Amino acid sequence: MTIPPNALCFGDEFPASGIPCLVHVEGHGLTITFPSDHDEGESRSESVSFSTVTVSAGGLDHDQLVLTWTGSTGPRTLYLKNPAVIRAFRQAAPEHLSRPLEQAAQQVRQVRQRHRTVWTVVGATLVALVLGLWFGSDVLVELAVDRIPVEWEQKLGESAYREFLAGQDVTKDGPAVAAVKEMTQRLAGQVPNSPYRFEVTVVKSDVVNAFALPGGYVVVFTGLMKKADSPEEVAGVLAHELNHVLQRHGLERIIKQLGFVAVVSIVLGNPPGLGGVMKQLGIDLMTMKFGRAQETEADVTGLQLLYRAKINPEGMITFFQRLAEKDEGRVEWLSTHPMSSARADHLKAQLAAMPKPKAEPFTFEWATVRAGLGVPSAAIP
Amino acid sequence: MKSEILYPGAFPMVRIELAEGEKIKAESGAMVACSPTIDIESKMEGGFLGALSRKFLTGEKFFFQTLRASRGAGEVLLASTVPGEVVILELDGVNEYMVQKDGFLAGADGVTIDSQMQSMTRGLLGGEGFFLLKMSGKGMLVLNSFGAIHKIELKPGQEYIVDNSHLVAWSSTTSYNIEKATSGWVASFTSGEGFVCRFRGPGLVFIQSRNPGGFGAWVRQFIPVSE
């Protein structure tokens, strides 16, 4: 047989996988030619009249035309998949088969239609979910952050804080510590009902930096204080850092880094498990950077806090700008808080929109504080 | 092309003799040994997008390897990763098989591999995923299983019930429905069967005597949990 088979025939004496055969549609019915078992053998043919055939749809996806009839050798089933044969069969089929044929075709169409509908719905749902997550992730993160109790945040921050301080030269008392404490008290006093008890430590180091950990743990390096010309400048940095804590920016970052799974697990419960996940993912609170939106938020709320605490907010802006101009690349605080002209402009615009600040001086002398840090008095402007 | 199964049983190998110029495709990593006349090429069957869709949709490997007897006749030895039997089928251009994602070991060059989408209920509950490999075309097809492979022959209209995680391959002339194993929902799961597939002939259904997922769960309890 040279023409390849185009159908599968099943019958009692055939193997269960069926026998490939060649189907010809003729005026009176079908001629089915079976290939011979051997290459030299004769192929044999069967003729089936349309009058004995019943039709239906079948196969895995109900997309094959199934013909059944009882021949001389018992029941026969023929599976047609070849579109050309199916078309020829439909054209040649007599009146009494057109109804079941139409029903079978209808069934195939229904199955295809249902597949299409289901997959369209699933696809659309998936796209909607992805889009929703993409644009709604901030909302989700905020939701998750709201679920985390402050005590847990404090535990997280405290362990990182203690770990960090263990390897540092902590300044326990002296004018610098007193000055930083006074600044913090004035700022924190303007945040009523704050769940955070701020703890500020001065660390002796030339690093020009200050940072706040979740839960209200703040570290100020003496290097930053040496660089400041006035206490208002240090207070500006403190106000900015305190607001990272108050707005729970650290937690938002952690949750964003942990990803969606963590968000879901927090929204649905089980926050204590997060610490383990953080450890696994190697998230380090010390090296964590805040996002641009978070910096802007901390800037603006920090400015407002300074204003309420009656500390001149100009110091914040000028200090940021001066740090950016002077020691580019050497000031650590800027590596985690990149300064841009847009950021300074934004702060200036915010300040201009506020009524004239009524600044009250601090109780300490900045010159004394600086002298205590070892800055020669000649350097004081 | 001649093929034979060596060491039938749990750890079989398939030897395929290739005449000069003949080639076969195999699951990547399936080649155990071959004659020096055979060239091994890595090929993205069905083009880049086809390979990509197969990788992501069925979990099959991105690349298949092509073994070509380019410098004269030779033989290749193939084996699968898991212990289990191997079966060789012959596709004649009319019969087609649906193969679950891990079932394919090798095929003649004339065998076409497509990924085919299943209906929603079968995809969700069948345990085979939404996409299966559809083998059509002409030539030899080698399937592998986890455990022994068992062939179920179904006459037209004959039905048989198979636990869904034991499926390897089935002809496209069969149809199947997903059902609860018992009449009640709770009993369905406490019986350990969950969902089952009710196959309806005509056609062949190949099943494996071991359930890979179940085996994995069993092994997991012996693996020490590390911090």
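Are E46(A) and R76(A) buried or exposed? I kept in mind that this is a predicted model, and I found that E46(A) is buried and that R76(A) is buried as well. The two form a salt bridge whose closest N and O atoms are 2.7 Å apart. I then looked up where the partners sit: E46(A) belongs to strand β4 (residues 44-49) of chain A and R76(A) to strand β7 of chain A, so that the pair links distant parts of the chain, 30 residues apart.

**Strand β7 of chain A**

Strand β7 (residues 74-80) of chain A is mostly covered, with 6 of its 7 residues buried. On one count, strand β1 (residues 7-11) of chain A runs antiparallel to β7(A) and is joined to it by 5 bridges, with F10(A) standing opposite T77(A). On another, strand β6 (residues 64-71) of chain A pairs with β7(A) over 7 bridges, also in the antiparallel sense, and here T68(A) has T77(A) as its bridge partner.

**Other salt bridges**

I noted 18 salt bridges over all chains. One of them runs between E96(B) and K81(A), with the closest N and O atoms 2.8 Å apart. E96(B) lies in the loop between β8 (86-92) and β9 (97-99) of chain B, and K81(A) in the loop between β7 and α1 (83-92) of chain A, so this pair joins two chains. With a relative accessible area of 14%, E96(B) is buried, whereas K81(A), at 30%, is partly exposed.

I also looked up E153(B), which forms a salt bridge with K151(B), the closest N and O atoms being 3.6 Å apart. E153(B) counts as partly exposed at 43% relative accessibility, and K151(B) counts as partly exposed at 41%. Elsewhere in chain B, salt bridges link E159(B), E179(B), R198(B) and R200(B) in a network.

**Nonpolar cores**

Which residues have the most contacts inside the largest nonpolar core? The core has 45 residues, and those with the most contacts in it are M183(A), L187(A), V218(A), V220(A), M225(A) and W366(A). Helix α6 (residues 231-246) of chain A gives the largest share, 7 residues. Apart from this core lies another, of 36 residues, which includes V76(B), L89(B), L105(B) and L204(B).

Last, I followed V218(A): leaving aside neighbours within four places in sequence, its contacts include Y161(A), F198(A), F211(A), L238(A) and L242(A).

Terms used:
Residues numbered from 1 in each chain as written. Chains lettered and ligands numbered in written order. Predicted model: local features only at pLDDT ≥ 70, side-chain atom pairs only at ≥ 80, totals over all residues. Heavy atoms only, no water. Core = buried A, V, L, I, M, F, W, Y, C linked by side-chain atoms within 4.5 Å. Buried < 20%, exposed > 50% of the residue type's maximum accessible area, 1.4 Å probe, protein only. Helix = DSSP H or I, 4+ residues; strand = E, 2+ residues; numbered from the N terminus. Contact = heavy atoms within 4.5 Å. Pairing = 2+ DSSP bridges. Salt bridge = Lys/Arg side-chain N within 4 Å of Asp/Glu carboxyl O.
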